[in-house]
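My entries follow the model shown here.

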Amino acid sequence: MAVVGEGGPRPASLDRSPTVSALPPLSPTSFTYEPAAGRVVFGRGALASLPDELDRLGSRRAVLVAEPRDADVADLDPRIGGHVDTVVQHVPAAVADAAREQVRELGGDVLVVVGGGSAIGLAKAVALTVDVHLLAVPTTFAGSEQTSIWGMSADGRKRTGRDERVRARTVVYDPNRSGTMPPQVAGPSGMNAIAHAVEAMYGPGANPVTTLLAAEAVRIMAAALPRVVTGAGAGGGVADPAADALYGSYLAGIVLDTAGVALHHRTCHVLGGMFGLDHGGMNAAILGHALAYTAPAIQPVIARLAEALQVNDPAVALHQLAERIGAPTALEELGMPADGIEEAAGRVVEEAADNPRPPEHDAIAAMLRRAFAGKAPEREG
């Protein structure tokens with residue numbers, strides 16, 4: 001496992017935050033924590049262990065779920081006897097139904113799912129109704145491979161839920177595979193991972209353990225991601241950028257599964273269902289704004305994020321990080337129509353009612369307008 005050094009990106013315009021010793025301690029006075037993660041195989045070249053991992057799962061016939069560019073994984077084991085290759089973002093219900101029928105016809109007992117959140121989401125949709133295990137090989141920083149959360153879209157809405165049947169039994173993290181992401185994919189995908197960790201610090205299931213892991217995930221991702229995107233290699237306290245970022249996304253996936261999501265991801269789900277916008281791009285464009293909106297209700301979390309990022313204002317710093325790595329910062333450039341803001345705000349108010357700072361229509365509409373135009377987050381509290 002790569003070792004990540006201290007520090008991370010710190011915009012010059014922002015003051016350094018207080019040191020960690022100035023932060024209040026995490027107080028484990030009362031919480032419930034039930035970790036349910038599966039087996040993890042991590043390291044460069046780890047994909048070569050695929051036959052052994054299929055043995056551990058007792059597989060007799062596996063099916064590959066992946067885009068055509070990852071079809072070569074089927075060559076690693078003769079038990080992989082079919083390929084579901086129609087992968088669509090936000091998992092349209094019709095695509096899920098077709099994949100389920102294909103897997104039933106092939107008689108697969110394990111789905112070897114290779115790719116990002118869309119491929120893993122499709123495999124999860126299959127596992128909801130077909131008796132199969134998931135062996136995931138993530139090639140992006142989506143984190144979905146660590147959760148029991150599924151999502152599907154239909155009729156302009158994206159539904160999500162939880163079910164242990166969709167949790168990957170084994171996850172193989174191979175930086176040789178994820179390191180091939182082009183910058184325009186790696187940047188938004190990394191912002192998605194950071195968003196998972198940020199929201200895990202104040203999600204409905206947050207606890208002292210997940211908060212520690214989440215803060216570390218934010219620190220690691222923010223330090224490694226700029227080098228992953230630029231291809232700069234090691235340096236700046238980053239031993240192996242591709243491996244470090246993949247490790248950070250793994251931690252972010254763990255805490256996402258336990259702590260859940262809040263305003264940021266609820267907003268992304270609404271916009272994804274309504275307009276089919278790129279999920280990683282939405283994360284980059286919305287994260288700072290959603291954090292700024294929620295900040296007055298989560299000041300201890302803001303302090304910990306400030307320490308992890310070594311900045312004064314985490315919401316502004318995350319927006320600047322997205323700019324620095326070339327990730328989208330404006331919903332307009334992702335294809336969102338301006339005349340959809342008011343309706344979207346209404347749906348966000350409905351979907352994110354449990355946010356620590358409850359969403360109000362006018363304020364959420366204003367937040368979406370700033371994100372639409374790519375403006376910097378507004379500081380509150």
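Which strands does helix α2 lie across? I looked this up first. Helix α2 (residues 93–106) lies across β2 (62–65), β3 and β4 (110–115). Helix α2 runs at about 165° to β3.

Some notes on method. This is a predicted model, where local features need pLDDT of at least 70, side-chain atom pairs count only at pLDDT 80 or more, and totals for chains, interfaces and linings use all residues. Residues are numbered from 1 along each chain as its sequence is written, and side-chain values use heavy atoms, without hydrogens or water.

**Terms.** Helices (H or I, at least four residues) and strands (E, at least two) are DSSP runs, numbered from the N terminus. Contact means heavy atoms within 4.5 Å. Axes are lines fitted to C-alpha atoms, for helices over the stretch in contact, and angles run from 0 to 180 degrees between N-to-C directions.

**Sheet.** I traced six strands in an open sheet, in the order β1-β8-β5-β4-β2-β3. Their pairing is parallel; two strands pair if DSSP finds at least two bridges between them. β1 (39–42) and β3 (80–84) stand at the edges with a single partner strand each, so one side of each has no neighbour in the sheet. From one strand to the next, the twist averages 20°.

I then checked one pair. Two bridges join β5 (residues 133–138) to β8 (residues 170–173). Ala136 has Val171 in β8 as its bridge partner.

Helix α7 (residues 241–259) lies across β1 and β8. I noted about 170° between α7 and β1.

**Pocket.** On a 1 Å grid over the protein atoms alone, a pocket is an open set of points with protein on both sides within 12 Å along at least five of seven lines, while a cavity is a set where a 1.4 Å probe fits but cannot get out; lining residues have an atom within 4 Å of a point. Grid points are joined across faces, edges and corners, and a volume is the space filled by probe spheres set on the points.

The largest pocket has a volume of about 1100 Å³. Its lining counts 50 residues, with Gly117, Ser118, Ala142, Asn192 and His279 nearest the centre. The largest share, six residues, comes from α5.

**Cavity.** I found one cavity of 30 Å³ or more. The largest cavity holds about 30 Å³ of space. Its lining is Glu67, Arg69, Asp70, Val114, Gly115, Gly116, Ala119 and Thr139.
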